[in-house]
Amino acid sequence: MAALLPGTLDLLVLKAVSLGALHGYGVLLRIQQITGGVLNIEQGALYPALYRLEAQGFLKTEWGVSENNRRAKYYSLTAAGRKRLREEEAEWTSVSSAITLALSARPAEI
Amino acid sequence: MLLKGLIPMLRGLRDRERFEAGLNEEIRFHIEQRASDLARLRGLTPEQALHEARVEFGGQETVREECRRSFGLRWFDELRQDLAYAIRTLSRRPAFASVAVATLAVGIGGNTAMFSVLDAVILKTLPVRSPHELFLLRHDSRIGLSQRYSWPFVQKLSNAIAPYGQAAAMTRVNSMRLGVDSNGPRATVQLVSGDWFDVIGVQPVAGRFLSADDNRTEGAHPVAVVSAVFWRQQFGDAPFATGREVRINGYPLQIIGIAPSAFRGVLLERPVDVWAPLMMQHQIGHKNNFSASNARPDQPWPSQDNIRWLEVTVRSLSPPSTMDAALNSGLQWDMFKSASEETRRSARLRLESFSRGFSNLRTEFGQPIYALVATVTLVLLIVCANIANLLLARASERSREIAVRLSLGAGRGRLVRQMLTESLLLAGSGAAAGLAIAYWAVGVLSQAATHVGATRLDLKLDLRVLAFTMVVAVLSVVLFGLLPSLRATKLEPGPALKSGSREVHGSSRIRVAGVLVAAQVTLSVVLVSGAALFLHSLRNLASFDPGFNASNLLLVRLDLDPNLKEGALAEYLHSLVERVNAVSGVQSSAVAVCALVADCTNSTTGFILPGYTPQAGEQITFQTEAVSAGYFATAGMKLISGREFSWRDGANAQRAVIINDTLARRYFGGKDPVGRIVSYPHEPDMVIVGVVNDARVNGLHTPAVPMIWRSAAQMTSISGPTLHVRVDRGSPRMMATLRQVISGMDARARVSGVTSVSEQIGLSLWREYLLAGLTGAFGALALFLACFGLYGVMSHSVARRTPEMGIRLALGAHPQRVLWQTMRESLTLVAIGLAAGIPLSLAAGRLVHDLLFGVTTGDPLSVMTAAGLLLGSATLAAYLPARRASRVDPVIALRYE
């Protein structure tokens, strides 16, 4: 499993939550699922990220009942969070395509 | 972003327990879910799975702390920790904490109280629309003419400046009889022109205000506007209705409107009850504060151009230069019809800011208030220096603890913050106690303001004042807390730990402490010498010979029947005086229109002195007064030449006047003026029958001006005169007796008040008492704190050097020598402080020179007294630790090491 690039955890959390309200453990599973299990997220690092995003107003929380009938805290996106996700997506796309382009360069093309 | 984050954070603060519980539950849920997944996927037993899940998750407390920090709660947690720590450390040092809080309370409380005075008297603007557009009309002319104007002139002015602004006229505020009974309640009345409210910029809360149509014809507008407070006093909660009336000096006026409760007129310390059109001047008997030349003051004033009785306020809507041009485009020549051509040409009109209205307090107490603000600021600085010193001493005692914490990895910023929290706690407690002191002081000062002619002064601890207190508290933390905390944490942990329990960088600490002590000495010298100056001035005033005899002289203010006129008046006054003289314990008595030292300066311009040639443009102005026979003997003034009035100087005799020495010398050269004539247009000639010594009849502060007394028995009418009674002993019982005798005589005179001249003089010295008292008290505090600081520093230095002293004594040093060496250290600090403080004191003395009486500029005597006092007390404060040093037992001192 690959290590997470710095700064991408927030993006992944926002993306995961944008697909539907999730509790903390659910966010972890959803990220593993949508990244095909390639990225390794430290479990302890997830919660500070969630709390930070909530404090910044991108996530809202609500206590609900989990699949196995237990009380759990569910995270969902706020309007600001949705906007933030779009911005981060656009930024990531431009950065990653630039890097891909850079890596595909051949001596002959210079 | 920041705001959005603030809301969940505040929610977290409010519901801290819920936050923690939620966090715990969330992590527990996570781990259990993970465990059940692990059990399913890897076939582990529940116990193994739970263990595995916990290991995968990592340190839970670290995660929790990270979450708190992410959520913005860490800052708050640390603050709470710091506060708890500060409370713990401070409660271990109750003596230090209480000295710090008590001195801060005095410092901050004094500043808060003085700020509330400064704000109310000097800073606050009138509660009206755009107060900064308001101005007061003033003029400069070659000879000092009173700053009052006639109504015809105001109208001309109004027209001249019409395109650039608006002008309105008003009288000063007078207390008048409400109703018919002269002993009944009184109201404060101000006469204003029709558009005055409009120009000032206030709106009625009920009814309407005066308009130009309410001020057209003399005597034809019996209407009035009243204040909200007055309406409530008179009619309770009744809503406004037309048809109510108010009687002023017996004359009925119909109430047409009520002013808003925030607006009590433009004279700060005399809230107005009733505003009436100035066309009603004659009807309601407004007779004070005017200057007349060649005029008939007994006739209605508004139409007379030679009676100047109005002050003019202008709302200017144009740049100052435009307005100035409009004012001085020939208009200024119309100001004084009777003045010479040249005088009128030299006159110039100008505008003065009126955004804060009038205030006698501001005029008289503006400078003292600034002086006291400076005093309390100095006191707070001294308090801060003192606490900084105490904190420095504490920090060096804690240096080992601090070194341990630094070496264990505590951040320096964190430690500084912790120490500042402690300072903040001190300042906060000091500010809270200071507010209590300020609340009390403000009550005392409001009360005291009534002694100096303010019927009401609104001193409140409002939001502005509270904000000021907070700023002062935070500033003082910066002043006393920052330096010690920065120094305390600037440590090399290694040497600090190695030196065991003993403090490190002791000598440099003592250097800083020494600077602080010297600074305290400097500031204290300034304060103490200021107090000495004011005390010296007060003593000069209190022992000053005013030119009359103030002791055992009683003043009985009378309300006379207005129908007493001409001959009947003279006869009545004569009988009154004779009956009072018959009272046992009374030596003599006499009637005067104005009471001594009451500062009712009536002056008249336009006298003619045959034989005296006025210079070009000169107008002859005398202070005028009317007194009965026996007045000068009763007052204890001395006749230089001629005679006193007698009861024969009555209606049928030639008009007699008595003048003072200043007048005699200025207008009659060296010759005896007795027998010479003084005349005044349209009046019979007056002959000078006597010359009396110059006396400060207007109060101790006011030197005598040329003054002329007329015989009261030759006046056509007198309202509200004062009976001056010389008695054997001016006791309260005597006052009661006089009141009783006069009230029992007949209904034509009523006593409206009894006081004594010495009491009045005491009140007129209130400003001096206040300044001397407050600066004296603060000076004493400063002196105490400076000595306390010096004592603390020297004790510390001696304690630190006990082993050294012990060795020196053991080696045979003479105790006297050790004593002297230690003393020398302290005295050097004091000398440095004095060297800086003495020139500063001399400079400060020059700043307050206008407030001093009979004290030479910078008064070296007061400054030297202060310096001597400081040196004496500081020597004592330094002597005690030095003596301890010289008596160190070498054996104990060395064992200590």
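Mentor: The face of H22(B) turned away from its buried side carries the exposed residues B:Pro732, B:Arg733, B:Ala736, B:Gln740 and B:Gly744. A residue is exposed if 12 or fewer other C-beta atoms, placed from the backbone, lie within 10 Å of its own, buried if 20 or more do, and partly exposed in between. Helices are DSSP runs of H or I with at least four residues, strands are E runs of at least two, and both are numbered from the N terminus. This is a predicted model, in which local features need pLDDT of at least 70, side-chain atom pairs count only at pLDDT 80 or more, and totals for chains, interfaces and linings use all residues. Residues are numbered from 1 along each chain as written, and chains are lettered from A and ligands numbered from 1 in the order written.

Trainee: Which residues of H22(B) are buried?

Mentor: B:Met734, B:Met735, B:Leu738 and B:Ile742. Down the axis of H22(B) they fall within an arc of 105 degrees, taken from the directions from the axis to the C-beta atoms, so they line one face of the helix.

Trainee: What covers the buried residues of H22(B)?

Mentor: The cover includes strands E14 (553-560), E23 (722-727) and E24 (749-756) and helix H19 (566-581) of chain B.

Trainee: What is the mean pLDDT of chain B?

Mentor: pLDDT is the predictor's confidence in each residue, from 0 to 100. Chain B has a mean of 85, with 92% of its residues at 70 or more. In chain B, confidence is lowest in helix H1 (residues 2-14), at a mean of 57, and highest in helix H20 (residues 631-635), at 95. The complex has an ipTM of 0.89 and a pTM of 0.73 from the predictor.

Methods: Two residues are in contact if their C-beta atoms, placed from the backbone, lie within 7 Å.
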